[in-house]
Amino acid sequence: MSKILVIGAGGVGSVAVHKMAMNAEIFSEIHLASRTVAKCEAIAESVKQRTGREVATYAIDADDVAATTALIRQIGPQLVVNLALPYQDLNIMDACLAAGVNYLDTANYEPRDQAHFEYSWQWAYQERFKAAGLMALLGSGFDPGVTSVMATWLKKHKLDTIRSLDILDCNGGDHGQHFATNFNPEINIREVTAPARHFENGKWIETPALSTKQQFSFEGVGPKTMYLMYHEELESLAKHLPEIERIRFWMTFGEAYITHLTVLQNVGMTRIDPVMYEGREIIPLQFLKAVLPEPSSLGSTTKGKTNIGDIATGYKDGEEHTFYIYQICDHEVAFAETGNQAVSYTTGVPAMIGAALMLTGAWAGPDGEGGVFNMEQFDPDPFMAMLGEQGLPWQVKELAGPLEF
Ligand code: NDP
């Protein structure tokens, strides 16, 4: 029985809070805070209608560490689940340390003025969390999150060592809009327009954004073009599974998405440096976000499926094998359950599972010690078991051989 505080009332926050409400034996009291309290109230209303449970709501600017610390102290939760934006990660970690409460998020910290993705800022909190006897779990979404745990599940059950790992993220959903992103547009576009990077033989190899592509046929979706990208779990997996020789991340994009994005980039609308407009500074990407559809508004019109998973090649008893582990999620089925499309659903469910494993003690630091942890540092079994039970059933199959590209 435990009390939880979720910060962030977007699509991911909405799914996580609905799923927490559906698991009352673990989440006995749910508190939801965000910048716009009306969004928290709308989620609380939906949770009440769907599950009969109450969610307490608050307005908070999580960039204000003192105010966030005061709110955490006032509520007294066992865990703070940060589902706001990556910009807030360090501030919420500081507030958790000040208030003496455990922490979880789904995306690594990013400074606002650089599209720069790395764990160094958050890993630097290791000693402070350890000294305080508190746990911080980083990246408990789908990717990072499920894809990280899928890699350790394959290593535990199917392979002795992993030589190469490819993470394949396909969203085959159609939202009926000319151009929209499936999660926060600012964060999504920063990620997609950043140079691609993958890890090979101990080195990071950088290539221009969206310059390497492959065709792949995804079960439940069909053939799609996927692009090599950088994604934050590559960094933590390369650290925690040091035997991996090559690790890459691929994401599918349709032709229309790429064409719109290219035009927006060419005209400067994806810039994150300030420009003067009518006597005041604006950030073009933030203005673009304001005119694009809110991802949470796409749920009712999105049809189709997502298929995200890992392909790993390695040795078992001296012989080479390749396994594909993946999860298929249907946008309309996801929407029927919590009122959110599959991208929010596939992130919010693992956030709830990570929180459940922390609250029940199934995932804890070695000898109960605190510290900052990534998903692949824990036993994959309880997580993968809950994933299937909580709406994201997954499959694993052996492939005839390694990927040909
Ligand atoms: P949204 O933009 O829909 O929601 C973000 C929420 O955070 C909004 O309610 C917003 O408030 C709130 N917020 C923003 N700034 C602050 C602040 N300073 N203080 C308090 N609240 C704030 O995003 P999503 O729900 O789509 O994504 C949430 C997180 O999940 C992001 O960090 C994203 O990167 C991550 N993510 C992770 C994935 C994974 O697989 N690991 C996949 C998809 C997303 P307001 O409404 O006022 O703007």
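In this structure, Asn201 is placed in the loop between β8 (196–200) and β9 (203–207), where helices (H or I, at least four residues) and strands (E, at least two) are DSSP runs numbered from the N terminus. The phi of Asn201 is near 45 degrees, a positive value in a residue other than glycine. As background, most residues other than glycine have a negative phi, and most peptide bonds are trans.

The model is predicted, and local features need pLDDT of at least 70, side-chain atom pairs count only at pLDDT 80 or more, while totals for chains, interfaces and linings use all residues. Residues are numbered from 1 along each chain as its sequence is written.

**The sheet**

| Strands | Bridges | Facing residues |
|---|---|---|
| β1 (residues 2–7) and β2 (residues 27–34) | six | Ser2 and Phe27 |
| β1 and β4 (residues 79–82) | four | Ile7 and Asn82 |
| β5 (residues 102–105) and β6 (residues 135–138) | two | Tyr103 and Ala136 |

Between the parallel strands β1 and β2, joined by six bridges, the chain crosses through α1, and this β-α-β crossover is right-handed, a term used if, with the strands pointing away from the viewer, the path from the first strand over the helix to the second runs clockwise.

**The two domains**

The domain assignment of the protein chain gives domain 1 (2–142 + 346–387) and domain 2 (146–342 + 393–399), with bounds that come from an automatic or database assignment. Their centres, taken over C-alpha atoms, are separated by 22 Å. Across the boundary, 26 residues of domain 1 are in contact with 32 residues of domain 2, contact being counted if the C-beta atoms of two residues, placed from the backbone, lie within 7 Å. The side of domain 1 that touches domain 2 takes at least two residues from each of α1, α13 and α14 (380–389), and by class this side has 13 nonpolar, ten polar and three charged residues.

**Around the ligand**

Of the 34 residues around the ligand, Gly10, Arg35, Ala62, Gly141 and Phe183 come nearest; a residue is near a molecule or strand if its C-beta atom, placed from the backbone, lies within 6 Å of it. Each of domain 1 and domain 2 supplies at least three residues of this shell. The helices α1 (11–21) and α13 (342–360) each supply at least two residues, and α1 gives the most, with three residues. By class, the shell divides into 15 nonpolar, 14 polar and five charged residues, where Ala, Val, Leu, Ile, Met, Phe, Trp, Tyr, Cys and Pro count as nonpolar, Asp, Glu, Lys and Arg as charged, and the others, Gly among them, as polar.

Conventions: Pairing = 2+ DSSP bridges.
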